[in-house]
4 protein chains.
Amino acid sequence: MKRSPLLNNYRVIRQRTESLCEPLCVEDCVIQSMPDVSPPKWHLGHTSWFFERVILEGFVPGHKPFHESYSFIFNSYYQSFGDRVRRDIRGTLSRPTVKEVYAYRRSVDERMLAFLENTDEATFAKVGPLVELGLHHEQQHQELLVTDVKHIFGCNPLRPLYVTDRRQQPVRSNVTARFVPVAGGLHEVGAAAEGFAWDNERPRHTAFLTDFWLMNRPVSCGEYLEFLNDGGYRNPLLWLSDGWEAVCREGWEAPLYWEHTDGRWLQFTLSGMRPVSKDEPISHVSFYEAAAYARWAGKRLPTEFEWEVAAATAGGATQGSLLEDERFHPVPAVAASDAADRFHQLIGAVWEWTNSAYLPYPGYQQERGPLGEYNGKFMSNQMVLRGGSCATPRSHIRPTYRNFFPCEKRWQFTGIRLAADNC
Amino acid sequence: MKRSPLLNNYRVIRQRTESLCEPLCVEDCVIQSMPDVSPPKWHLGHTSWFFERVILEGFVPGHKPFHESYSFIFNSYYQSFGDRVRRDIRGTLSRPTVKEVYAYRRSVDERMLAFLENTDEATFAKVGPLVELGLHHEQQHQELLVTDVKHIFGCNPLRPLYVTDRRQQPVRSNVTARFVPVAGGLHEVGAAAEGFAWDNERPRHTAFLTDFWLMNRPVSCGEYLEFLNDGGYRNPLLWLSDGWEAVCREGWEAPLYWEHTDGRWLQFTLSGMRPVSKDEPISHVSFYEAAAYARWAGKRLPTEFEWEVAAATAGGATQGSLLEDERFHPVPAVAASDAADRFHQLIGAVWEWTNSAYLPYPGYQQERGPLGEYNGKFMSNQMVLRGGSCATPRSHIRPTYRNFFPCEKRWQFTGIRLAADNC
Amino acid sequence: MKRSPLLNNYRVIRQRTESLCEPLCVEDCVIQSMPDVSPPKWHLGHTSWFFERVILEGFVPGHKPFHESYSFIFNSYYQSFGDRVRRDIRGTLSRPTVKEVYAYRRSVDERMLAFLENTDEATFAKVGPLVELGLHHEQQHQELLVTDVKHIFGCNPLRPLYVTDRRQQPVRSNVTARFVPVAGGLHEVGAAAEGFAWDNERPRHTAFLTDFWLMNRPVSCGEYLEFLNDGGYRNPLLWLSDGWEAVCREGWEAPLYWEHTDGRWLQFTLSGMRPVSKDEPISHVSFYEAAAYARWAGKRLPTEFEWEVAAATAGGATQGSLLEDERFHPVPAVAASDAADRFHQLIGAVWEWTNSAYLPYPGYQQERGPLGEYNGKFMSNQMVLRGGSCATPRSHIRPTYRNFFPCEKRWQFTGIRLAADNC
Amino acid sequence: MKRSPLLNNYRVIRQRTESLCEPLCVEDCVIQSMPDVSPPKWHLGHTSWFFERVILEGFVPGHKPFHESYSFIFNSYYQSFGDRVRRDIRGTLSRPTVKEVYAYRRSVDERMLAFLENTDEATFAKVGPLVELGLHHEQQHQELLVTDVKHIFGCNPLRPLYVTDRRQQPVRSNVTARFVPVAGGLHEVGAAAEGFAWDNERPRHTAFLTDFWLMNRPVSCGEYLEFLNDGGYRNPLLWLSDGWEAVCREGWEAPLYWEHTDGRWLQFTLSGMRPVSKDEPISHVSFYEAAAYARWAGKRLPTEFEWEVAAATAGGATQGSLLEDERFHPVPAVAASDAADRFHQLIGAVWEWTNSAYLPYPGYQQERGPLGEYNGKFMSNQMVLRGGSCATPRSHIRPTYRNFFPCEKRWQFTGIRLAADNC
């Protein structure tokens with residue numbers, strides 16, 4: 001790992017987090033609109049806390065914490081790092097103020113940069129990978145920042161704007177829905193040993209797949225509306241048992257952020273209320289909705305390995321929008337070529353629910369110590385999502401990336417791509 | 001009602017609300033630390049909303065609302081005024097911003113003052129009493145502001161300061177606890193027909209009381225500590241059944257804001273953490289704790305009429321501190337004379353739990369319309385408190401005043417004064 | 001107290017409890033259809049436990065408990081008697097079996113009778129009043145048995161019959177609704193010192209009342225239907241705030257046990273499903289419904305002292321049905337004379353909600369020891385009901401009797417009688 | 001499928017269900033000690049309901065239901081069969097009585113046997129497989145009956161006995177814990193097309209496994225005690241995140257049914273309280289406990305395919321006890337030969353948690369119609385268990401059998417067998 005590009009990445013990524021907060025008022029930074037959401041100032045603080053606890057405390061002799069209480073206030077879930085504020089009451093803390101949190105960022109950044117510039121090569125060799133991990137951690141929180149702000153604004157009767165997107169929004173897709181055959185057999189899946197990847201993507205290993213078909217693009221809002229209009233939300237036979245319970249308990253009648261007004265469907269976006277656009281990828285659906293839609297359509301969701309194998313063979317796939325595109329919303333697939341074997345928007349646009357539970361790969365070793373808590377301890381009751389969304393930083397996503405959420409969560413940009421055994 | 005003093009009151013009271021918010025950061029104004037607490041900016045907006053809906057909309061021809069959504073956002077519980085944000089999620093709204101709420105106040109004040117100065121006498125005669133009511137409403141919210149801020153800060157691990165009280169805190173009381181006999185018989189209770197009072201204080205009516213004794217001052221922290229140290233919180237036989245359930249469910253071991261550290265009791269105050277001072281009135285206890293203490297002491301709580309009759313005959317009573325004293329904490333009773341028939345701190349210091357349920361007086365008429373919702377609909381499952389506290393404005397409290405809270409609430413400055421059938 | 005009538009009472013009352021269980025299958029005796037309900041076999045055991053713990057253990061030298069675990073299993077809420085099975089899971093205990101519980105009753109009865117017959121006069125003088133109290137305790141559980149069985153059967157889709165009442169059910173009332181004036185002033189209320197009464201009915205004391213009017217009979221189903229058909233359950237302005245919350249949370253649209261089928265209202269009774277009969281007293285309403293009805297009717301509920309004073313002056317009042325009538329349902333008021341100053345069904349038919357909170361009388365002393373837990377510790381968050389119901393034993397009820405339940409409870413035979421300040 | 005053996009199976013299996021209920025009192029048959037448990041009489045009725053709805057209603061012309069409400073009362077979760085009693089309140093129904101449920105069984109059995117004996121070959125060919133499925137369904141409920149009765153008795157302070165097992169309980173195991181290597185590569189897994197299997201075991205398909213090691217017998221109580229005594233229940237770093245939350249929320253300190261008394265661990269069994277025996281397989285642990293134990297031991301849980309491949313190659317494995325052994329408790333592994341390559345108790349003793357989520361096999365087709373609801377709709381948030389337990393009927397279990405429960409459930413006989421990547 002080279003020092004100069006890492007330093008550069010550090011500056012760029014840390015700055016990006018702050019840019020994402022620029023449209024926010026102080027008030028927006030304090031709010032927790034539901035237990036899954038964290039206040040933006042908590043994201044700002046927690047990502048700094050990560051560098052302070054993992055790098056500065058671990059490697060800088062004589063390091064003094066910026067503030068003795070911040071370890072408690074900004075710890076997320078690391079038992080190794082001691083107690084923490086309960087997740088569901090992060091929004092009850094008015095202090096530290098936003099300004100104080102930015103001062104914390106300044107202090108951490110100055111000390112991090114001074115340390116990274118000046119430390120000896122041997123230390124850097126140890127520290128570099130941890131810094132890289134901390135930057136990927138920060139990128140994850142960039143995505144959460146965007147989705148949490150969407151929820152904070154989406155709950156507010158004033159419907160605040162996050163951005164004013166003056167660019168023309170593509171409205172029509174030129175990509176026809178189609179199932180692309182993929183050959184089964186033995187495939188290597190998971191991240192190779194070199195390069196950055198989370199521990200949960202490793203080790204790379206062999207999996208046997210049956211031949212399958214995968215949809216060339218994500219399911220669109222128009223397609224999903226057919227399910228909805230066909231009574232999809234009222235027919236228990238289409239749903240997983242837990243899914244139907246969620247439908248009844250939560251009163252779901254449509255994806256999150258959809259509202260039926262004057263005979264048509266509107267959706268709340270980070271650029272304001274907009275009509276649901278038929279060619280857009282469907283988003284903000286739970287795993288349960290994805291599974292019910294698939295059953296209704298006579299298809300199924302792909303496994304994570306089917307998805308990964310298809311992505312690995314899809315060199316020329318068109319990407320969907322990513323964080324840097326600043327759409328903050330999935331746009332219809334528009335492709336230079338709509339060749340029959342092409343996949344579109346495997347990367348970007350919406351995270352795609354797979355029918356794979358989030359579990360360890362064969363040979364997975366959960367590290368001892370705090371970084372071992374990063375991924376391994378969440379390997380129950382969650383499903384794998386693949387491909388990144390319009391809120392994912394470009395340098396953060398890759399085909400082997402395993403995101404994971406519980407089946408009922410809807411506040412991420414989560415969508416659907418169907419698979420089939422035969423077509 | 002005279003126009004000029006009312007206008008003056010309007011200016012002074014509206015300004016006082018803002019002064020109380022001066023020590024707050026923007027962040028503090030947005031937070032709801034528990035369902036009973038409202039964000040300070042909500043108090044700022046709601047008190048303005050009250051004038052807008054009751055006065056401006058009702059009496060100013062062609063009145064345009066400041067903002068179409070504010071009626072929804074700042075309504076508290078008035079079914080007559082339509083829908084509202086659920087009380088327990090007031091803290092999930094980052095917008096309107098604090099600055100926007102102040103602009104709302106500005107706008108309401110300008111329009112109110114212009115209207116009150118210029119309206120004709122006939123209209124003023126109708127409107128004056130409603131404005132006076134709105135100002136008393138605002139004073140209630142001043143008290144809630146102080147107690148809500150105390151809770152917001154008290155939950156924060158950083159323990160922020162609300163004020164720095166540089167005055168010497170009186171530490172010792174020169175008042176010896178004593179029971180004062182009061183003669184029973186027929187007494188008139190409740191507010192007379194003239195002068196401002198809430199509808200729940202009326203009509204003035206006759207009540208028959210048996211002779212009783214009432215403590216000359218509120219129970220002190222030192223006295224309460226004896227109960228605590230005697231295992232008061234561990235002995236179910238001292239408690240009401242619902243009270244013992246609350247002790248077990250909530251894990252109560254002491255009054256709210258008390259912490260046991262290094263062998264001594266500290267308390268969180270609006271001036272920071274301080275040792276519990278023995279001569280101070282006990283505060284932040286629930287009705288259940290008050291009742292258990294009374295049973296432990298072999299005494300009882302007074303009824304609200306006993307309290308009122310004693311107060312009515314206690315012309316020379318020393319007052320406890322009130323909002324304008326800016327102690328924001330009850331101080332020990334210090335009296336020029338500790339004569340045997342004197343009561344101390346009936347008014348001020350701490351609200352005193354009575355053993356009377358909050359119910360209508362004989363002949364009480366609940367108005368139709370929104371103002372009828374003010375008091376009457378809360379007449380179940382609450383107990384009456386009397387006398388005001390260190391957070392109550394001086395011009396707001398009087399001996400006939402009936403405050404009311406559910407038995408388990410502790411975040412107000414609520415204390416104890418004992419009564420007895422004989423001594 | 002004479003020994004022979006007490007022994008006779010003991011036999012009769014204990015036997016009555018068992019008669020009430022005769023129509024039940026073993027299965028019915030084990031069920032707890034909601035937390036407020038206790039399984040019938042628990043009532044059978046608990047009433048025996050009361051005699052065992054209070055009399056046999058306290059007064060019989062060398063008493064050996066029938067079973068070492070029964071003290072834990074059959075204790076209701078007496079902290080003085082140690083731990084107990086949590087109330088809401090009484091229905092999870094299949095053992096002891098019903099047969100074993102009857103054996104327990106046999107054993108307690110034999111030992112009680114032997115003891116009462118043979119003990120010396122001095123002991124009997126102490127024990128007699130406790131036995132009398134235990135018998136009144138058993139009568140309270142007789143009423144609960146009936147209402148709990150009604151709930152158990154009412155929840156069952158098979159709608160089992162408890163009794164087949166072959167007598168003609170009176171359908172029409174010859175009593176016209178009318179308000180009877182009652183003179184205020186100073187009145188003595190509460191139970192006199194001699195004779196059995198609960199501690200909460202004492203001491204007898206003076207109360208001052210304003211003149212008032214009280215309805216001559218309970219509100220009928222027909223009258224209540226007008227409220228219901230006028231949108232009473234949909235208008236929040238008629239309700240106490242807590243009451244409206246209960247309406248929304250519980251989805252109340254009618255009294256408990258009412259069902260709307262094919263355009264008419266049916267009610268579940270202990271003799272099966274029956275049409276709602278207009279002249280019957282309304283029953284199974286909560287305090288909230290009673291208060292909302294009164295507000296809708298432009299009247300109010302009486303205080304408990306108003307009720308008691310009216311009852312004390314109503315020598316010739318017609319009684320409603322009581323337990324011994326074996327109607328198990330309130331019947332329309334039918335009177336020999338419908339004189340203008342007559343009250344009907346003050347005693348019997350339905351318990352009448354008053355607007356008085358359940359609180360101690362002036363001079364009330366809660367005993368130390370287990371019997372002090374009987375009434376005093378429930379003096380919060382409950383309202384007083386007066387007059388007994390069709391499930392109350394005749395020898396158990398009297399005009400000074402104070403029953404009490406939380407505002408939202410509906411499974412007792414609870415009804416409404418209106419009061420007014422003037423008519 | 002031959003008619004005579006099926007008829008025989010029908011008689012034997014239906015009879016077995018009733019034999020299992022013989023030790024129960026009527027009272028035991030009505031109780032639901034927690035939402036997961038069903039009252040025994042519900043099991044008796046539901047298994048009959050299954051035959052009535054699937055066979056009699058589907059195939060017998062002019063079939064009249066035994067009782068019009070039973071379809072509602074005894075439906076478990078079949079949306080296709082209409083409404084049903086909410087699962088968590090099955091224990092609030094005292095009727096139908098136990099006797100009536102047995103009459104229902106009689107009636108169903110008579111009609112089933114008459115129909116099966118007399119129907120023509122063509123119909124039998126269609127019906128036979130459904131009857132076989134119904135019998136396997138009944139066997140599943142036999143296991144649930146045993147575990148539900150254990151919970152019902154285990155909650156009761158009287159600790160009733162289900163059986164008195166007078167046979168000598170094997171106390172020592174002669175099997176030394178050892179890891180057996182299993183070769184990876186391509187394996188066929190899942191049930192072959194012929195013979196009875198659930199749809200979730202199919203289709204048989206190819207899976208690629210890495211070489212692994214699997215423990216030769218289930219983890220013993222003695223081994224688990226080392227984890228417990230090493231603070232296993234107090235160290236969050238050993239637990240999955242959801243698991244640690246369950247530990248804190250539920251207060252887990254040991255497996256279900258364990259009690260620490262006088263310095264030693266006792267366990268509730270269906271033969272009464274007994275000391276925990278070190279050589280017995282550990283049982284009544286959740287998936288979370290299994291996973292925490294594995295992490296503590298430096299090992300992992302096997303995947304379901306690892307388990308199945310090992311079982312497929314373990315021809316001579318000693319079985320653990322099964323339902324017919326009437327131990328109702330796992331016994332220590334005792335083997336004729338403890339050869340190094342031998343597995344013990346793969347079948348029987350305790351269900352073994354795997355680290356595989358319960359998900360469809362490649363090519364799995366969920367049927368339309370009620371039988372499609374049997375397995376497919378539960379394929380989320382559950383983990384696979386393998387091998388059967390001491391409560392599983394011998395003819396019901398096979399190596400491809402996939403049982404499934406949510407991670408936190410503990411009332412089944414669920415245990416642990418460790419796997420490792422290398423040893």
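**Note on chain contacts, salt bridges and cysteines**

1. B:R95 and A:D28 form a salt bridge, with their closest N and O atoms 2.6 Å apart. A salt bridge here is a side-chain nitrogen of Lys or Arg within 4 Å of a carboxyl oxygen of Asp or Glu. Across the interface of chain B and chain A the rule finds two salt bridges.

2. Some background on the model comes next. This is a predicted model, in which local features need pLDDT of at least 70 and side-chain atom pairs count only at pLDDT 80 or more, while totals for chains, interfaces and linings use all residues. Residues are numbered from 1 along each chain as its sequence is written, chains are lettered from A and ligands numbered from 1 in the order in which they are written, and side-chain values use heavy atoms, with hydrogens and water left out.

3. How many residues does the contact take from chain B and from chain A? There are 29 residues from chain B and 29 residues from chain A, where contact means heavy atoms within 4.5 Å. The area buried between chain B and chain A is about 2300 Å², and carbon and sulfur atoms give 65% of this area. Buried area is the accessible area (1.4 Å probe) that two parts lose on being put together, summed over both. In chain B, the residues that lose the most area to chain A are B:E27, B:R95 and B:L158, together 30% of what that side buries.

4. Eight residue pairs are in polar contact across the interface of chain B and chain A, both residues of each at pLDDT 80 or more. A polar contact is a pair of N or O atoms within 3.5 Å; within protein, one must be able to donate a hydrogen and the other to accept it, and residues adjacent in sequence count only if both atoms are side-chain atoms. On the side of chain B that touches chain A, the elements giving two or more residues are α3 (70-74), α4 (98-118) and α5 (121-154) of chain B. Helices (H or I, at least four residues) and strands (E, at least two) are DSSP runs, numbered from the N terminus. By class, this side of chain B has 16 nonpolar, nine polar and four charged residues. Ala, Val, Leu, Ile, Met, Phe, Trp, Tyr, Cys and Pro count as nonpolar, Asp, Glu, Lys and Arg as charged, and the others, Gly among them, as polar.

5. Chain A also touches chain D, with 37 residues from chain A and 38 residues from chain D in the contact. About 2900 Å² is buried between chain A and chain D, of which carbon and sulfur atoms give 52%. A:F208, A:R295 and A:N381 supply 19% of the area that chain A buries against chain D, more than any other three residues. Between chain A and chain D the count is zero salt bridges, but the rule finds nine residue pairs in polar contact there (both at pLDDT 80 or more). The elements that give two or more residues to this side of chain A are β3 (205-209), α7 (241-250), α8 (287-296) and β8 (351-357) of chain A.

6. Two pairs of chains have no contact. Chain A and chain C are not joined by any contact, and their closest C-alpha atoms lie 14 Å apart. For chain B and chain D, which no contact joins, the closest C-alpha atoms also lie 14 Å apart.

7. The whole structure holds 128 salt bridges over all chains. One of the pairs is C:D28 with D:R95 (2.6 Å, N to O). C:D28 lies in the loop between α1 (3-21) and α2 (40-59) of chain C and D:R95 in the loop between α3 (70-74) and α4 (98-118) of chain D, so the pair joins two chains. C:D28 is buried, with a relative accessible area of 1%, and D:R95 counts as buried at 14%. Buried means under 20% relative accessible area, exposed over 50%, partly exposed in between (1.4 Å probe, protein chains only).

8. Within chain C, C:E52 forms a salt bridge with C:R111, the closest N and O atoms being 3.4 Å apart. C:E52 is in helix α2 and C:R111 in helix α4 (residues 98-118) of chain C, 59 residues apart, and the pair links distant parts of the chain. C:E52 is buried at 3% relative accessibility, whereas C:R111 is partly exposed at 24%.

9. The count of disulfides over all chains is zero, a disulfide being a pair of cysteine sulfur atoms within 2.5 Å. The sulfur of C:C390 is 12 Å from the closest cysteine sulfur, in C:C221, too far for a bond. C:C390 is buried, at 0% relative accessibility.
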